[in-house]
Amino acid sequence: MFSDKSFFEVFSIAARFEVDLIALADRYRNLQVQVHPDRVADGTEQQKLQAIQAASYLNEAYETLSSPQRRAAYLLQLRGVDVNRVDQSDLSPALLLEQIELRERLEGLPRDESGLTQMEQLRVSIEERHLESQEQFAHNIEHENLANAKKRYYEMQYFAKLIAEIDSLEEVLLGY
Amino acid sequence: MALLQISEPGGKGPKVSRKFAVGIDLGTTNSLVAVPCGDSVETLPDDQGQDLLPSVVRYLDGETQPQVGYLALANAISDPLNTVISAKRFLGKRVAEIVEANPFIPYQFINTDDKEIPAIDTAAGPRTPLEVSADILRVLASRAEKFLNGSLDGAVITVPAYFNDAQRQQTRDAARLAGLKVLRLLNEPTAAAVAYGLDSKDEGNVVVYDLGGGTFDVSILSLQRGVFQVLATGGDTSLGGDDFDNVLANWVIKQSGNKDPLEPAARSELLAAVRDARHALTDSASVALHFDKWQGTLDRDTFAELVNELNDRTLNACRRVLRDAGLKVGDIDNVVLVGGATRMPVVRHRVADFFQRQPLADIDPDKVVAIGAGIQADVLVGNKPGDSFLLLDVNPLSLGIETVGELVEKIIPRNTTIPVAKAQEFTTFKDGQTAMLIHVVQGERELVSDCRSLARFELRGIPPMTAGAAKIRVTFQVDADGLLSVNATEVSTGTTAEIQVKPSYGLSSNVIEEMLKASQRYAEEDMKARALNEARIEAQQILDALVGALISDSNLLTEDELDRIKTATGKLETALQTQDSRQIQELTAKLNAETAEFATRRMDKEIVRALRGEAISSVHDS
């Protein structure tokens, strides 16, 4: 039902990096109400299979567009850029150095209460950098500057990964 | 024209070809059935006026109908071998798992083969947990049919959010065996939220806090215009009301000065006494207790202090689920209580403190799940065509496959909205590889050995290609009931293999929870183990490639260059014997740098050959 449409077309929104997440969630729910397998719980196997496929595609579309990381990769993919193929020029030495430094700071944190406070500060500064690279990605993709957009994409990915690592470390420290 | 609109007595309006659908809470201890009545949904009582049906079945010699419910329960002590209690805990498990989790289990199992569903040897013959569950469902279904005076068109059966593939599969099969058409397997917390949500027409985020006899579940749902979306789910499957009794019993023993270990009978008696005391504390501020020659009183403050740690554990699980959902306490608009153990004021107070609001408890916590299932059944069977009410559930555990180095590649992370289909491409590791083993695992850890194996199947007939050239596309499909199927295709030739993950590979919910706990405990170790594995693979790939390159093209290097490459190779090979991933990475990078020029020269050489009409591939093969 959707599979010939792009994820942006599924939601009838412009294929841009900036997305109104609240409106997107709203449209997602409206569409899911129409296509979900529960709509045909009493129906034929064929109807059920179609519903599972449509609902799965819709879930994938929503999941992709609601995450800045995946949305960026998808925008590049639509332009024929494969983010899984990393070229040497995509990673600037400055970015690598910054990553190493941030990672060392994270690893060097004391594994106790004082570590938690410092980790929170580190998280805030990394989140800022993450936002910056998103803004720059948006600018570059808008101007079809794909090489730079791709660079910014990897930047975003590095920061997102670091934030995820902080999250899991925090869980360990807090003993959740 | 009001005179023409004659409505049926008791109903709110004229009804056209209404279908009969029920909600069933198939519980570990008790089960219930709920049916739509007019504008509300209500649980149905038996002839004695009891809504709860104990989930107990007794099989008798020569009788086709087993005893189910209170009658069976009354005979449980006199006839333990033929009376099956808590069959739900055995669904989707192997004999070894059942016995390990329940060392004092009285039953004799017939099928001890891991591939078979275990069967209990009863006076009426062998009975699997699936069949026992079906017997319970039959009693509830006939209760509903008698009330509705018609046959059922479908049922919604609830399952714990933590139920895995095998447990869900067997629950669905049990319902089919009982002659029920399953409209949907619904997660228990979702059902509870539905029971409240439709009454109040609320919008916002709802926490469902479900503390039962032996398990604790917590889920967060978002409610927007009739759509219930589960954002995250978690819990502790070895924490429940029973633990509160154990803490109290130990306190009483300590107070009484008793140092001797208790006989099992005395222990059961004490547990019954403290359970009564605990229930009494729900309505009174203090309660008298006696044990042996000791007499004393227990007040709410002392009780609160004793069970503080248990409450802390449930709230820690709440913190974790909040984090998974990306929410803070301030984002929560409602808290719903489910399970008999949430009647304890001490639990309610702690929950209210933590979420900074009074939890909702106006629906009987024992009935709320069945009522929610009944509401959903009514919608699914098509009785409410104008209603856009929809439930979006998530998968509770990550699903992935094994990749090189015994690492798990997660394909569907936990808490992904279902139904979901995800595909990922993998490639061959060796030259000329024609088959690939697809090993499907479930769990949060990074290494295969720490996760639960769900299925193994082989994709054969991959055309021989160089390592990394074949493209194997593995697709995971999880349907709205949470059931998984896996399909693998080699993209260039279309060779496919498919598997429906079978119920015999059940994970016990204890195992699930242990895996979750372990994943937190070991998160750091895992990161290191993963880094080490990845570093080793990368290093090995370079070393392997280099061996071939040196054989064919070492004449492109000066002796000095060759020496430097050999030194770097030797160092990396030594480092590979250690656990030091950082050093392996550094030395790999160094070797990479040392060989960069060599690679360029080989490339140039190949281009020259290609220009001369020689195929590049033949250079590779030499």
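**Close-up 1. Residues where helix H3(B) meets helix H4(B) in this predicted model.** From H3(B) come B:Leu130, B:Glu131, B:Ser133, B:Ala134 and B:Leu137. They meet B:Gln170, B:Thr171, B:Asp173, B:Ala174, B:Ala175 and B:Leu177 of H4(B). By type, the residues of this contact are six nonpolar, three polar and two charged.

**Close-up 2. The packing geometry of helices H3 and H4 of chain B.** Two packed helices are described by the angle between their axes and the distance between the axes. H3 of chain B covers residues 129–148, and H4 of chain B covers residues 165–177. The two pack at an angle of about 50°. Their axes are 8 Å apart. That angle makes H3(B) oblique to H4(B). The crossing of the two helices, H3(B) and H4(B), is right-handed.

**Close-up 3. The contact between chain A and chain B.** Chain A gives 16 residues to the contact, and chain B gives 26 residues. By type, the side of chain A that touches chain B has seven nonpolar, five polar and four charged residues.

**Close-up 4. Domain 3 of chain B in contact with domain 4 of chain B.** Chain B is divided into domain 1 (17–180), domain 2 (198–363), domain 3 (399–518) and domain 4 (524–621). Six residues of domain 3 of chain B are in contact with five residues of domain 4 of chain B. The domain 3 side of this contact has three nonpolar, one polar and two charged residues.

Key:
Residues are numbered from 1 along each chain as its sequence is written. Chains are lettered from A and ligands numbered from 1 in the order in which they are written. This is a predicted model: local features need pLDDT of at least 70, side-chain atom pairs count only at pLDDT 80 or more; totals for chains, interfaces and linings use all residues. Axes are lines fitted to C-alpha atoms, for helices over the stretch in contact, and angles run from 0 to 180 degrees between N-to-C directions. Helices (H or I, at least four residues) and strands (E, at least two) are DSSP runs, numbered from the N terminus. Angles under 35 degrees count as roughly parallel, over 145 as roughly antiparallel, 65 to 115 as roughly perpendicular and the rest as oblique. A crossing is left-handed if the near helix is turned anticlockwise from the far one by less than a right angle, and right-handed if clockwise. Two residues are in contact if their C-beta atoms, placed from the backbone, lie within 7 Å. Ala, Val, Leu, Ile, Met, Phe, Trp, Tyr, Cys and Pro count as nonpolar, Asp, Glu, Lys and Arg as charged, and the others, Gly among them, as polar. Domain bounds come from an automatic or database domain assignment.
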